[in-house]
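Here's a quick briefing to read with the structure open beside you. Let's start with how the chains meet and then look at a few local details.

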There are 2 protein chains.
Amino acid sequence: MARVLTPRAEDFPRWYQDVIAKAELADNGPVRGTMVIRPTAYAIWERMQADMDARIKATGAENAYFPLFIPESYLHREAQHVEGFSPELAVVTHGGGKQLAEPVVVRPTSETVIGEFMAKWVDSYRDLPLLLNQWANVVRWEMRPRIFLRTSEFLWQEGHTAHATEQDAKDYTLRIHHQVYEKHMRDLLAIPVIPGRKTDRERFAGATSTYTLEGMMGDGKALQMGTSHELGQNFARAFDIQYSSAAGVREYAWTTSWGSSTRMLGGLIMCHGDDNGLRLPPLVAPTQALVMVVKETDGSITAAAKGLVDDLAAAGVRVKLDDRVDTPFGRRAVDAELKGVPLRIEVGPRDLAAGNVTLARRIDGSKTPLPIGGVVAAVTEALVADQQGLYDEALARREASTVEVKTLDEAIEASQSGWAKLPWSAVGVDGEAKANESAITVRCLFREDGSAPAAQDEPNLTAILGRSY
Amino acid sequence: MARVLTPRAEDFPRWYQDVIAKAELADNGPVRGTMVIRPTAYAIWERMQADMDARIKATGAENAYFPLFIPESYLHREAQHVEGFSPELAVVTHGGGKQLAEPVVVRPTSETVIGEFMAKWVDSYRDLPLLLNQWANVVRWEMRPRIFLRTSEFLWQEGHTAHATEQDAKDYTLRIHHQVYEKHMRDLLAIPVIPGRKTDRERFAGATSTYTLEGMMGDGKALQMGTSHELGQNFARAFDIQYSSAAGVREYAWTTSWGSSTRMLGGLIMCHGDDNGLRLPPLVAPTQALVMVVKETDGSITAAAKGLVDDLAAAGVRVKLDDRVDTPFGRRAVDAELKGVPLRIEVGPRDLAAGNVTLARRIDGSKTPLPIGGVVAAVTEALVADQQGLYDEALARREASTVEVKTLDEAIEASQSGWAKLPWSAVGVDGEAKANESAITVRCLFREDGSAPAAQDEPNLTAILGRSY
């Protein structure tokens, strides 16, 4: 069989590009750094959105929509924010055939414009907390674009909330961090993520605390999969988000923001993919099972295959029929592997004569003969097992590629092929700067019990260092 | 009771603005012509999206996502298209701190960029039809903005398909027009729309046929609620979308596009609203029934109300509790009316002592005492009846405001307060130009049996004329 993909061990970035092209996930757009998300990838994204959206709504947040265009002056109101985003802005200077009096930026994120409206909508402590989320496209001009991971335009959800107290803002941020993002990534995407706090150096522009979820990719690098920020009163002061307390005093609100994006599609590919292509967790797979007519004789094979499709669909499985018998079976099987379809049910004349079909599992590559009457039970069982199987495999790989070390030099060494875990006190602000010189970053900090520190100068913190996307 | 809204008869546009502000549906954005869609309106939009998306997918189309930014040169490839959209473009001239070599436009619609990729993806007749849809924001610089109806940025779905034959393209366009758009508007939005063909003068820039659905608003004006276009081979030639036929000949594909937008939210408000505010069709109402504690005595009223909420939720009703007894009941009832909540179940001490509650219906303003045990049955029945009731009322109003006439002068006269229906032969191209001078347009053309003409010079066509949004 001709080699379809560059092997991961040979050239991981090339393998990633190959998978995206061959599995028809996305294309580069005509404007540098933009992307076209093709139907297969978009269908995965829709399942991710549905899961994430339900989890976000369960926290009490409501969806809304704020404008794409933001007056340039808004960004200047929060000093760190404008400094962080200025180099990445796309600027509209002409509209409706005329030069605009004030240029507008295409939103790189919406803290500023949402802050402006929070100030209008919040009056009393009774209006708090104000919990908003939006699904939107954002633009951050990208010099080194890579599809899904770093694109000039990407799709995301961005949550923005305002609270009466710092504690309430912190509690809510951590709820999003753990109950929404961490659970989504573990339970739906089957990616074992490490939750923690970003160092001050890695913090979001304008935040007082940034929490992150770090996943390890197939090459040992880290991917930041979603972040949540406590913004303190920075944006409340910049946009005058004030409320009257129960005691009748005007106070600034405490705000938060949190986002997760199509970048997670890159994480899904790089965490689970193998040299044969994508491997999709059953819960996000648009097609969970593909019933394949191996070859046709008198029509009975296709009839049996169609019967299985109906039975599986009735059992709630997302199933498709592949009866393209004009195309060689091997090519179709390779294509299904490339696209990461979790299960194939192969129906051929010889097996069927004995009342059997073959169950081929993408996750572990196994092929098992099955009596045709046992297909529905075997498929539903395999879908559950393979969702867990992918998670377990990713966790085992992460553990094998994470080295506990004592010194910064050891950490830098270990980060060449995976992650280093060590006391943050052995790194510190200076060590972090030094690691950065070797393109190694502190991915996150956490306490001994795994919880998120309130500040990076807390004692007894553990740090994860690694290379990253 | 203080007047909350400007009465419709006094100033319909002002009433519309008032409803949007008081029902907290939307705000003007900081950049002229943009809007902020607030949670209540966005929740309605999400229900509309879910219904529309399912109908679109049922036709076989798949969702994808194409870039926001389009090279300016793409628009110039189709002469009519660039002429139609040039005056409305927003242009990005700077990205990442530098002036761009070629300015990019923010998509006003995506025929061009999608055409570019169709050309890459289509090779053989086996690749056709290619049926794509995307949910996205688009930008058309707007000189006279009005929230939902004409905004510089709006949200929509845009479908784009490529077919092997003109007939297949036509059939699919009409399927979207009738099975997707018309059914969505009638069955979900309860708006009786007239399907028909746009005149050549009103056709989409670059299309060979444009089909429209026209709804009559509360002031007798027409709102174009969704359009579907046959693009002939115009874009296929401009972007080189060719395929090899079964006979091995290279042929240009036939493409279509079709869109519906947040403009429909404006239609929903203006079709069904009354002087007390919104009236939402139960199928799109985020809250279908509001159980209200009129006042509390010993906690028993709230307990009974909560019991009803649980029973209604268990029956699949989208229900909320209003137990804000600190706020006067009258104010809460007015607010629920403003926001268009279809049903209120008012639970008060006196009624409850007799085992009763009051069912207040927003659609017809009726108030009926009900035994508490009969609430679930009455509510589920009322939701179905009121969905139909709104449709029937809108249809009756449209029929009462549509005058059958014989001449153009009569049509112009009738269009002052509603629609005129007359033979298209009595109008013609010259009559259309004359009507336009009085801000009256030909809304659509249809055959005697109601079907869409293949061209405007077909004999025996009927025309609808009116003022429009």
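How many residues does the contact take from chain B and from chain A? It takes 50 from each: 50 residues of chain B and 50 residues of chain A. Keep in mind that this is a predicted model, so treat what follows as a description of that model.

**How much gets buried**

- Interface size is often quoted as the accessible area that is lost when the parts come together.
- Here, chain B and chain A bury about 4,100 Å² between them, and carbon and sulfur atoms give 66% of that.
- On the chain B side, the residues that lose the most area to chain A are B:Pro30, B:Tyr65 and B:Phe69, which together make up 16% of what that side buries.

**Polar and charged pairs across the interface**

- The rule finds 22 residue pairs in polar contact across the interface of chain B and chain A, counting pairs with both residues at pLDDT 80 or more.
- Strand β5 (residues 90-95) of chain B gives the most to the side that touches chain A, with six residues.
- Sorted by type, the residues on that side of chain B come out as 32 nonpolar, 10 polar and eight charged.
- Side chains of opposite charge can pair when their charged atoms come close.
- Two salt bridges turn up across the interface of chain B and chain A.
- B:Glu46 makes a salt bridge with A:Lys57, and their closest N and O atoms are 3.1 Å apart.

**Strand pairing between the chains**

- Strand β5 (residues 90-95) of chain A pairs with β5(B) in the antiparallel sense, over five bridges.
- To find one spot in that pairing, look at A:Val91, whose bridge partner in β5(B) is B:His94.

**Symmetry**

- Turn chain B by 180° with a shift of 0.0 Å along the axis, and it can be laid on chain A with an RMSD of 0.0 Å.
- That's the relation of a two-fold axis.
- Within chain B, the C-alpha nearest the axis belongs to B:Val92, 2.1 Å from it.
- What about the surfaces the copies use? The copies meet through the same surface, because 100% of the interface residues of chain B are also interface residues in chain A.

- Over all chains, the rule counts 52 salt bridges.
- One to look at inside chain A joins the side chains of A:Asp18 and A:Arg14, at 3.7 Å from N to O.
- A:Asp18 and A:Arg14 sit four residues apart in helix α1 (residues 12-22) of chain A, so about one helical turn separates them.

- Most residues other than glycine have a negative phi, and most peptide bonds are trans.
- In chain A, a cis peptide bond links A:Leu128 to A:Pro129, with omega about -5°.
- A:Pro129 falls in the loop between α5 (111-121) and β7 (130-139) of chain A.
- Chain B has a cis peptide bond between B:Leu128 and B:Pro129, with omega about -5°, and B:Pro129 is placed in the loop between α5 (111-121) and β7 (130-139) of chain B.
- A:Ala190 has a phi near 60°, a positive value in a residue other than glycine.
- You'll find A:Ala190 in the loop between α6 (166-188) and β9 (193-197) of chain A.

How values were computed:
Residues are numbered from 1 along each chain as its sequence is written. Chains are lettered from A and ligands numbered from 1 in the order in which they are written. This is a predicted model: local features need pLDDT of at least 70, side-chain atom pairs count only at pLDDT 80 or more; totals for chains, interfaces and linings use all residues. Side-chain values use heavy atoms; hydrogens and water are left out. Contact means heavy atoms within 4.5 Å. Buried area is the accessible area (1.4 Å probe) that two parts lose on being put together, summed over both. A salt bridge is a side-chain nitrogen of Lys or Arg within 4 Å of a carboxyl oxygen of Asp or Glu. A polar contact is a pair of N or O atoms within 3.5 Å; within protein, one must be able to donate a hydrogen and the other to accept it, and residues adjacent in sequence count only if both atoms are side-chain atoms. Helices (H or I, at least four residues) and strands (E, at least two) are DSSP runs, numbered from the N terminus. Ala, Val, Leu, Ile, Met, Phe, Trp, Tyr, Cys and Pro count as nonpolar, Asp, Glu, Lys and Arg as charged, and the others, Gly among them, as polar. Two strands pair if DSSP finds at least two bridges between them. Copies are superposed by least squares on the C-alpha atoms of residues with pLDDT of at least 70 in both.
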